[in-house]
Amino acid sequence: MKKNNRLIAMILAGSLIIGAAACGKANPDDYEYGQSINQVTGDENYIAGNGGDDDENGGGIIGGGDDENGGGDENGGGLSNITGGKEVSDMDVWIDKLQARPTGVQYADTENKEFEEYIDKLFKESVTSDTLNYNYAIKDGSVYGVTAPSPATMGDAESYEYFAEVAKESHEEYDKLKSFEDKPLTEEEYFILIALEADYERALYNYDHIDFYEPFAPMRGFQSNIGTTLAEYRFDDKQDIEDFIAVENMMPEYVEKLCAFENERVKKGFGMQDNAIDDVIEQCDTFVEDKENHFLILEFDAKMDKLDFLTDEERATYKEQNKQAVLESLIPAMLQIRDCVSANKGKATVSGGLAQYEGGKDYYNNYIIPHFGGCNFTGDDLIEIFEKRYEACFNRMMELYMSNPDAYNYYVENSETLFAEADARSATENIDILMSTAMSEYPKLDKIPYKADYLSPAMEKIMEHTLAYYMSPAYDDPDGNIIRVNGAFSDDMWVTLAHEGCPGHMYQNTYYQATNPKPIRADAYCLGYLEGWAVYSSYRTMAEYDFKDTDDDAVIAEFAKLDKELGYMVYGRIDVGVNYEGWSEQDLADYMTENGYNAEYAGEIMLTVSGDPGVYLSYSFSQYMMEGLRTWSEHKLGDKFDPVEFHKAILDNGPCQFEVLKFKVDEYILENQ
């Protein structure tokens, strides 16, 4: 991971952590193969700087903004009701604009049997949809009354026919959910209802505009995620092994259907641009390198050697079967993808982001922002948010510089080694230290069982953009937390492991599963919430770090957070500029030049934001919303604000859209005023 640090007059946005695979499990609109079947949270960094000093990547949590007032809403929701003697910030204004569900709902005392049966059905259908999804979600099916798919299956490959059928089924499910609105529901049931409705509303729009779905997107496509998905498959018994090999052998047929879908999209004018195709080709070439020592052969063999329920003969047989599947099915499937995208070079009808397509701006508003940002704001809203937040962060950094130039000079002079002591420690040492020193603002948990290890050399190469990732355990296996670290990188370990571990993804997931949520909520997925929480909480840990040879730890930590958040605001603004406003590469370069950045990297950034629209929103915008909910609560509660109780309100409700989360935060505020 790299970050670029500059003097205050020329602050450079650091490179941004990008999630390559989804955080969480399947939900109605997780049709992307790499998202719907795995529980991996892959944090990749995209190198885009100005050629300055190496540094970490960005995102932070500093408050601030204009003094602004607004109208109130009932039950304490509006700006006019803010108390505590603090000025209203830009964050408060935007949180107030969230269209939260109405408060004051009358809850039933007993559960609604029909609703309980219905959500149980939804859960079971979700986790048994295909073999890989089941393996990642469930360890012992008897706990939930389900069994693994038999025979093994990858599920239906994406096609226009497939999406039409899924859309039809989703409309039926949504109508069924709506039918419960006027029926008596407990508080928990009502929350589940509105959370599911929000998920389906987002998904239904997407299915109606499925031309925009790119199955081979450079960062979210099948080819970029399938390696990690297979490498993390869990083997609890012989059937798991046999199912895994069966799935590997299904890859050519599955990929053939994906390629057919891609070719239809190209004919309709939605093909990938040539630079994105080049990126996909490179991914495929990397995947098929060193066939006899392929990383999925090496990883599989290592796992077989550790399974005590196998005889030596069985172990050898399975190893040979897997090797054959990799060489004769997986690698040919990846070459199919290479051939497919290569044949479509030169066929793109536009050059740029979503806004270049008819309906692209509406798609960005109605799907990209809600799905990746977790909120129903518009592109115009995000432009204002990013620009004002950038200005606020810049001004705050200037204030810190003026008040403590020594701390600023320390930060600049030591930017390369600011977290050097953490970088020198093992992943386990850092996570344990974070658990013991950086968790005072969060609800207490018993020590979280986990395993942190490093990728094999083969996996390091395949996942060359991945710094680390967290893999959440099966729902019925709370002790199975895994964090993988790419040993090819050696910097930014403090923030990275806070993001993946504690108080980030691992803590959030462990805490929520410990609340014993209903199975349908254990299966909840919302990228905005998940990454928003991980960025928000991980950057707060900088304040707990003991910087070497200085007494200005608090100020230095704030410099570091502001520097990171400036990076997020820039890249978020670029994402909106390209995909909503229709910026060309020259427009992007002009923006970078006008704001003091090296436009040399405009082409690389353009490739990222046009190839994977919304890729930055889960980190930039969602972190802003998490921080905004905290500022909102602080201002509403004043001296009664308790960070532990606030975080409990966020964590107790689990992954959901920010409109739904705002509904629960307002209830928390009402209970504590």
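**Close-up 1. Cys502 is a buried cysteine in this predicted model.** Cys502 has a relative accessible area of 2%. Because buried means under 20% relative accessible area, Cys502 counts as buried. As you look around this view, keep in mind that the structure is a predicted model.

**Close-up 2. Cys526 and Cys656 are too far apart for a bond.** Is Cys526 buried or exposed? With 1% relative accessibility, Cys526 counts as buried. The closest cysteine sulfur to that of Cys526 belongs to Cys656, and the two sulfurs are 6.6 Å apart. A disulfide needs the sulfur atoms of a cysteine pair to lie within 2.5 Å, so the separation of 6.6 Å is too far for a bond. How many disulfides does the structure hold? The number is zero.

**Close-up 3. Ser329 sits buried in helix H11.** Helix H11 covers residues 312–343, and Ser329 is part of this helix. The relative accessibility of Ser329 is 6%, so this serine counts as buried. Which residues does Ser329 touch, leaving aside those up to four places away in sequence? They are Glu248, Asn249, Met251, Pro252 and Gln324.

**Close-up 4. Helices H6 and H27 are roughly antiparallel.** Here is a helix pair to explore. Two packed helices are described by the angle between their axes and by the distance between those axes. The axes of H6 (residues 187–207) and H27 (residues 658–672) come within 10 Å and cross at roughly 150°. Angles over 145 degrees count as roughly antiparallel, which is why H6 and H27 are described that way. On the H6 side, the contact is made by Glu187, Tyr190, Phe191, Ile194, Ala195 and Ala198. From H27, the partners are Val660, Phe663, Lys664 and Glu667. Sorted by class, the contact of H6 with H27 has seven nonpolar residues, three charged ones and no polar ones.

Close-up 5. The crossing of H3 past H6 is left-handed. Which residues make this contact? H3 brings Phe115, Glu116, Ile119 and Leu122, while H6 brings Glu189, Ile192, Leu193, Leu196 and Tyr200. Divided by class, the residues of the contact of H3 with H6 are seven nonpolar and two charged, with no polar ones.

How values were computed
Residues numbered from 1 in each chain as written. Predicted model: local features only at pLDDT ≥ 70, side-chain atom pairs only at ≥ 80, totals over all residues. Heavy atoms only, no water. Helix = DSSP H or I, 4+ residues; strand = E, 2+ residues; numbered from the N terminus. Buried < 20%, exposed > 50% of the residue type's maximum accessible area, 1.4 Å probe, protein only. Contact = heavy atoms within 4.5 Å. Axes fitted to C-alpha atoms, helices over the stretch in contact; angles between N-to-C directions. Parallel < 35°, antiparallel > 145°, perpendicular 65-115°, else oblique. Nonpolar A, V, L, I, M, F, W, Y, C, P; charged D, E, K, R; others polar. Left-handed = near helix turned anticlockwise from the far one by under 90°.
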